[in-house]
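This report covers helix geometry, helix packing and aromatic pairing.

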Amino acid sequence: MLSKNIETALNKQIRIEAESSQTYLSMACWAEVHGLEGIAQFMYTQSDEERAHMLKLVKYVNERGGHAQITDLKAPKTSYSTFKEMFETLYNHEIFVSESINELVHITFEEKDYATHNFLQWYVAEQIEEEATAKSILDKINLIGDDKGGLYLFDRDIQQLTVTSSIAINPK
């Protein structure tokens, strides 16, 4: 059984994962209408991943005797000045999610809920990967600078990253 405190904290994380999915879906739409098909595909995949992360939490809460709550979501930003700004937003958002997961892990220690602590280790590892991917993408964007040819190649390359990462990720 989950304590009320942990159930509340997990429900907060459910909302964060749902908002992450919406944020990345909004980014995909922005990229797509700006002709950045590879970036759009990457963001659609990220959105799907975040939804899978949310569902994993929902099922865990319900299976542990809690009640997963699906609440209203904060509307995501819908436009960006540049694709670089969009990826900076993505990187900062991943840092925020990591901090939230870390706080959740801390709560499980305080309450000696080692089952939930163990469950959350997957999220800890996932966030390390998410931050590293976002940082790597930003590094590539900084190398490109204002080069339109570089942007074209980057857009194609990130589509390959999407194919690779979607094969490697298994949220179950």
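Helix 4 has 31 residues, which at 1.5 Å a residue should span 45 Å, and its end C-alpha atoms are 45 Å apart, in agreement. Here the expected span is 1.5 Å times one less than the number of residues. Helices are DSSP runs (H or I, at least four residues), numbered from the N terminus. The model is predicted: local features need pLDDT of at least 70 and side-chain atom pairs count only at pLDDT 80 or more, while totals for chains, interfaces and linings use all residues. Residues are numbered from 1 along each chain as its sequence is written, and side-chain values use heavy atoms, with hydrogens and water left out.

Helix 4 bends by about 30 degrees at Leu120, the bend being the angle between axes fitted to the seven residues ending there and the seven starting there. Gly145 follows helix 4 and has a positive phi, near 65 degrees.

Gly35, which follows helix 1, has a positive phi near 75 degrees. Helix 3, with 28 residues, reaches 41 Å from its first C-alpha to its last, close to the 40 Å expected at 1.5 Å a residue. After helix 3 comes Lys112, with a positive phi near 55 degrees.

Two packed helices are described by the angle between their axes and the distance between the axes. Axes are lines fitted to C-alpha atoms, for helices over the stretch in contact, and angles run from 0 to 180 degrees between N-to-C directions. The table lists the packed pairs discussed here.

| Helix pair | Angle | Axes |
|---|---|---|
| Helix 1 (residues 4–33) and helix 2 (residues 37–63) | roughly 165 degrees | come within 8 Å |
| Helix 3 (residues 83–110) and helix 4 (residues 114–144) | about 160 degrees | 9 Å apart |
| Helix 1 and helix 3 | about 170 degrees | 11 Å apart |

The angle makes helix 1 roughly antiparallel (over 145 degrees) to helix 3. Their contact residues divide into 16 nonpolar, 7 polar and 2 charged. In this count Ala, Val, Leu, Ile, Met, Phe, Trp, Tyr, Cys and Pro are nonpolar, Asp, Glu, Lys and Arg are charged, and the others, Gly among them, are polar.

Helix 1 passes helix 2 in a left-handed crossing, meaning that the near helix is turned anticlockwise from the far one by less than a right angle. The contact of helix 1 with helix 2 has 18 nonpolar, 6 polar and 5 charged residues. Helix 3 likewise passes helix 4 in a left-handed crossing, and the residues of that contact are 18 nonpolar, 7 polar and 6 charged.

The whole structure holds 7 aromatic pairs, with ring centres within 6.5 Å. In one of them, Phe87 and Phe154 have ring centres 6.0 Å apart and planes at 85 degrees, so the pair is edge-to-face (over 60 degrees). This pair links distant parts of the chain, with Phe87 in helix 3 and Phe154 in helix 5 (residues 148–168), 67 residues apart.

Definitions and conventions
Helix = DSSP H or I, 4+ residues; strand = E, 2+ residues; numbered from the N terminus. Phe/Tyr/Trp six-rings, centres within 6.5 Å; stacked < 30°, edge-to-face > 60°. Parallel < 35°, antiparallel > 145°, perpendicular 65-115°, else oblique.
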